[in-house]
Amino acid sequence: MVYPETADENARIDLANRVFFRLYQCANMLHKTGTKAVESEGLTTQQWAVLGALSRPAVGGGMSVGDLARYLKVSRQNLSGLLSRMERDGRITTAADERDRRSRLVSMTAAGMRVWQDEALPKIHGYYERVLEGFSVNDITHTLHYLLKLLDNMQMVDDRQGGGDEAGVDR
């Protein structure tokens, strides 16, 4: 005999498997289709995320590598190669932080800002429209709410597991 608690628990686990598999698929499709949306600008979805993070008014003076890694939820090691390529391409610059010489500040260059604002953003906005076709503002708001709730829980799990290598000094 199956007890109601067990049936409910099994249903919850089955749904969880489906949710996380769909998230995995969405992440892969975002990378694939998002990169195609901005590839003529020489960007990938990872570079798009970096430029988006650096374009926020709150970080006009740049962001430390550690803060950028934490904001993007990536390791410093994964970010390092990406930043090197973006610096080589003239999209960003890195410099020692005047307040803490051990820390490196990442800033968008004028060329990076031009690519971001004039070329990439219009294509990104068009991509959003296509991907969110059929979603009401209410649908988007609810989706955002649940993704943020999931992200908060994942962050708590990560913290309990000792976090990643995002903490510490930027080198």
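1. Helices (H or I, at least four residues) and strands (E, at least two) are DSSP runs, numbered from the N terminus. This is a predicted model, in which local features need pLDDT of at least 70 and side-chain atom pairs count only at pLDDT 80 or more, while totals for chains, interfaces and linings use all residues. Residues are numbered from 1 along each chain as its sequence is written, and side-chain values use heavy atoms, with hydrogens and water left out.

2. The 22 residues of α5 (residues 110-131) should span 32 Å at 1.5 Å a residue, and the end C-alpha atoms are 30 Å apart, which agrees; the expected span is 1.5 Å times one less than the number of residues. The buried residues of α5 are Gly 112, Val 115, Trp 116, Ala 120, Ile 124 and Tyr 127, where buried means under 20% relative accessible area, exposed over 50%, and partly exposed in between (1.4 Å probe, protein chains only).

3. Helix α3 (residues 65-72) packs against helix α4 (residues 76-88) at an angle of about 110°, with the axes 10 Å apart. That makes α3 roughly perpendicular to α4, a term covering angles of 65 to 115 degrees. The axes are lines fitted to C-alpha atoms, for helices over the stretch in contact, and angles run from 0 to 180 degrees between N-to-C directions.

4. From α3, Val 65, Gly 66, Leu 68, Ala 69, Arg 70 and Leu 72 meet Arg 76, Leu 79 and Leu 83 of α4, contact meaning heavy atoms within 4.5 Å. By class, this contact of α3 with α4 has 6 nonpolar, 1 polar and 2 charged residues.

5. Lys 73 sits in the loop between α3 and α4 and has a positive phi of about 65° although it is not a glycine. At 46% relative accessibility, Lys 73 counts as partly exposed.

6. Thr 45 lies in helix α2 (residues 45-54) and, at 13% relative accessibility, counts as buried. Leaving aside residues up to four places away in sequence, Thr 45 touches Leu 30, His 31, Gly 34 and Thr 35.

7. For the protein chain as a whole, the secondary structure comes to 6 helices and 3 strands, in the order α-α-β-α-α-β-β-α-α along the sequence. Buried residues make up 27% of the 171 residues.

Conventions
Angles under 35 degrees count as roughly parallel, over 145 as roughly antiparallel, 65 to 115 as roughly perpendicular and the rest as oblique. Ala, Val, Leu, Ile, Met, Phe, Trp, Tyr, Cys and Pro count as nonpolar, Asp, Glu, Lys and Arg as charged, and the others, Gly among them, as polar.
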